[in-house]
Structures are given as structure tokens and as C-alpha cells.
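Please look over the sequence and the fold shown here before reading on, and keep both at hand while the explanation moves from one region to another.

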Amino acid sequence: MRAELDRLAPLLEPLGERFAAAGHALHLVGGPVRDAMLGRQGVDIDLTTSARPEETERLVTGWADAVWDVGRAFGTIGARKGPWQVEITTYRSEEYDPTSRKPDVAFGDDLAGDLGRRDFTVNAMAVNVADRSFEDPYGGVVDLAHGLLRTPGRPEDSFSDDPLRMMRAARFSATLGFAVAPEVVAAMTAMADRISIISAERVRDELVKLVCAPHPRRGLALLVETGLAGHVLPELPALALERDEHHRHKDVYEHTLTVLEQAIDLEHRLPGTPDFVVRFAALMHDVGKPRTRRFVDDGTVTFHHHDVVGAKMTRKRMQALRFSSAEVDAVATLVELHLRFHGYGGGEWTDSAVRRYVRDAGDQLERLHILTRADCTTRNRRKAERLRRSYDDLEARIERLSEEEELASLRPDLSGFQIMELLGIGPGREVGEAYRFLLELRMDEGPLGEDEAGRRLQEWWASRTP
């Protein structure tokens, strides 16, 4: 920790002197203190102070490169100094009205009270910027050493103050790999329905952080165990289907978590990690199974069209959580296409079918490769190896066709302007029909060249014109 404080000294000491000269304390607090003890570095700095927001803004002006109002009503002023992002918050306490989505905030006058209102003991430690004295009134160091998440006070009081902390417990478990204290789990279970007063945007942000954490299975399992998932992502616990009496289908819930972990293992194929889209698609890829499950007379179980149903369910859930349209489209596309490869068999697809696979995947093709490979969880090594070789073959064919045909563009040989000029027509529905005709030719036969495409287009036009 001393090394991290030394690293931060050039940033914090001048700022601490400003606050001290004005008669105010300034403490490094929360995540930065916890991470320093874990040997992790970051560029986001959280500070707490006895100064009110207006005074904080005055004191950082002239020191910071930029100053902004993060949430004056909540006591937080933001600043940037070089590469560092700094948030300074007045000592405070807050609680939620049972019917409100927004906390009532009261500013406090002492550090101990401020630390007592924080979510977990490992986030309730502070270091005085002026003299580096360490404050840990709730035993955060011990809990950090034991890898345990506890609340500073009664968990029921903490979660009543801010119900989102229940999801933060799952997120920190997934991020840090920590166990959650039994009394915290009990309170989460008893109070799970309180999460309903939290805005969809805040729930979404916590869910994204959890899914993108190093150990998402831990956090997701905790959400399901406590009943929180039933309120924020009900499709997940619904996957724990009752097995049929002959045990002839997989545990879909466990399968899903395994697919998620296997997708994470393949993320190195993507330019940036963690990748929320591929992880969430792995989590949602089978959510259509409960609605499509049918028992056949011979005792087998089917889930026909669960890909299409699952894509619709995914869209609905992500829209309810206020995800962007681009994120919704990306994840839903992957869910809808995740079974397409299983028609490939031993490589019987024509080049036309391969082109359509690439076209339908669009800019999600690399993620689809990952999801499809991750979706193989069979313990039958021979079957798993056969599926792997088949997908290797499909990717090789895609690469070969891409090199030969610029497959990523997948446009007809003639543009819309060329179509209008060749057929002597103006903009309108007929141009779109002609364009789609040429695109189908492109899919079926590959590049034809402008002359051949023009000849075929005129033949088609003549055949349809009375």
C-alpha cells in the first residue's frame, strides 16, 4: 500500500494542502484504498472530505485541469488532473424511501459516520491525504485478508438505505472472487424485492460490471440463490428446468454458465476484452428453452425454435434494462443465430449457404464464432472433437471465400444507380426488387462481374414485365 501512496503523492499532497489550509480534512477512500492493499493500480481516485460541495469546487479550481458537477445534491464534485479522474464527496449519509427510486441525502460532519454508510467493510477504509494515517473502524483489513464481503453495520440497514448494494455484493464477489458473509446472503434473500425501486439504468450498469468481471459465475449464482435474479434477470433462474424422469436433457442453467465461461476463454479472438456482448449472448442464448420445451412420446425432450423465441425474449429484457439499440441488436442477433451452424453437418453447406451465414451474422461474425464454439459442453470427447473440426472447416471456408470474393462487403455486382440506368427506371420499389435479385445471385453464385450481372438483370426484368 505504501508504494501506491507514494505513486499518488504528487497528485494528492498539493490537493491535501489546499483543503488543510481551508480547515478541511481530505481522505482517500473506498475502492482505491482496497485496490492499493490488493496491489492493483487505477487512475480513478475517490476522496471524501468535510468540505461542502461549493467549498470543494472552489478548492479544486486552479489545481485541476477541469472541474465538473458530478452530483452536487449528492455532495460529489469531479475533477481531472493529467490522466487522473478524481471524485470528491462530502461526508454524507443516505437512505431510500420505500416508494422512491432516489436516495435522500444528508451531509455528515465526521469520517467515521461516512465510512459507516458505505456498502462493505472492504470499501470502508480511508487514508488521510495530509499525514497518511489509516482509518479502518469496521475491520475492512481483516475481511480483505479473509476474502469476505460484510457490511459495516446490519446488512438489513445497509440494503434498506440503498437496495442496489445487494447487486453490488454479487458484483464484488464476481470481481474480487470473495465469499459473501452468511448474514449478508440472508438479508439479500429476505429483501430481494426491494431491488424493484431502483432505476433500470442503475440495475443495468451493475449487471454489466458483474458480467464483465473475472468470475461472473460467482455473482450470477448469488443473484439466483438469493432471488434477486428473479427481479432483474428472470430468464436466468428459469433455465433451472425440472429434469424429466429419464434425465434425458441437460441442466440448462449449468450448461449456460459453462458456455459463458467457455466464451470468456475464447475472448482473446476479439480486439477488446472483456466483451459484454459475447458474454451476455452466452448467458441468454438458451433463454427460449423453457417456453419451447416439449416432451416426445419416446421420452426425449425438444426445444424447437428456442433460438427465435430466445432472441425475442432477449430483446424484450435488454430494452427493459435500457440497453442501447446497438447492444440489443448485437446480442439478439447472436442468440438467434447460435444454432445455425448445426445444419453444417460434415461440411455439406454450399458456398451459397456459407455466404448467407456471413451475411446474416454481419459485424457479429467473430462473436458468433466464439458463441458457437463455446456452446459445445458435451462430455463426449469424440463428439466434441467432431464439432470442433467441423467449425474449423467452416471458418476456413469463410476465410477462403472472403479472400476470393471480399465476402464482408456482400454487395451485388451493380449499384442502385447502375440498375436504374440499365433498366431505364427512376428511384422506387422496383429498384429495391432488382437489387435484391442481384444480391441473391451474388449469394448463390459468387461475383459475376458487371457485364454478366447486367445481362442476367435484363433477363429477369424482361421475364417480369408484361
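The model is predicted, and every value below is computed from it.

Helix α20, which spans residues 416–423, packs with helix α22, residues 450–464, at an angle of about 55 degrees, and their axes lie 11 Å apart. Since angles of 65 to 115 degrees count as roughly perpendicular and those under 35 as roughly parallel, the two helices are therefore oblique to each other. The crossing in which α20 passes α22 is right-handed. On the α20 side the contact is made by Q418, I419, L422 and L423, while α22 contributes E450, G454, L457, Q458 and W461; by class, the residues of this contact divide into 5 nonpolar, 3 polar and 1 charged.

Turning to the nonpolar cores, the largest has 111 residues, and of these L47 and F280 touch the most other members. When residues up to four places away in sequence are not counted, F280 touches L207, V211, L233, M318 and V331. A second, separate core holds 14 residues, including I419, L423, A434 and W461, and among these I419, L423 and W461 also take part in the contact of α20 with α22.

Because its relative accessibility is 36%, A179 counts as partly exposed. Not counting residues up to four places away in sequence, A179 touches G147, L148, L149 and R218, whereas the C-alpha atoms of A179 and V127, which are 52 residues apart along the chain, are separated by 25 Å.

Key: Residues numbered from 1 in each chain as written. Predicted model: local features only at pLDDT ≥ 70, side-chain atom pairs only at ≥ 80, totals over all residues. Heavy atoms only, no water. Axes fitted to C-alpha atoms, helices over the stretch in contact; angles between N-to-C directions. Helix = DSSP H or I, 4+ residues; strand = E, 2+ residues; numbered from the N terminus. Parallel < 35°, antiparallel > 145°, perpendicular 65-115°, else oblique. Left-handed = near helix turned anticlockwise from the far one by under 90°. Contact = heavy atoms within 4.5 Å. Nonpolar A, V, L, I, M, F, W, Y, C, P; charged D, E, K, R; others polar. Core = buried A, V, L, I, M, F, W, Y, C linked by side-chain atoms within 4.5 Å. Buried < 20%, exposed > 50% of the residue type's maximum accessible area, 1.4 Å probe, protein only.
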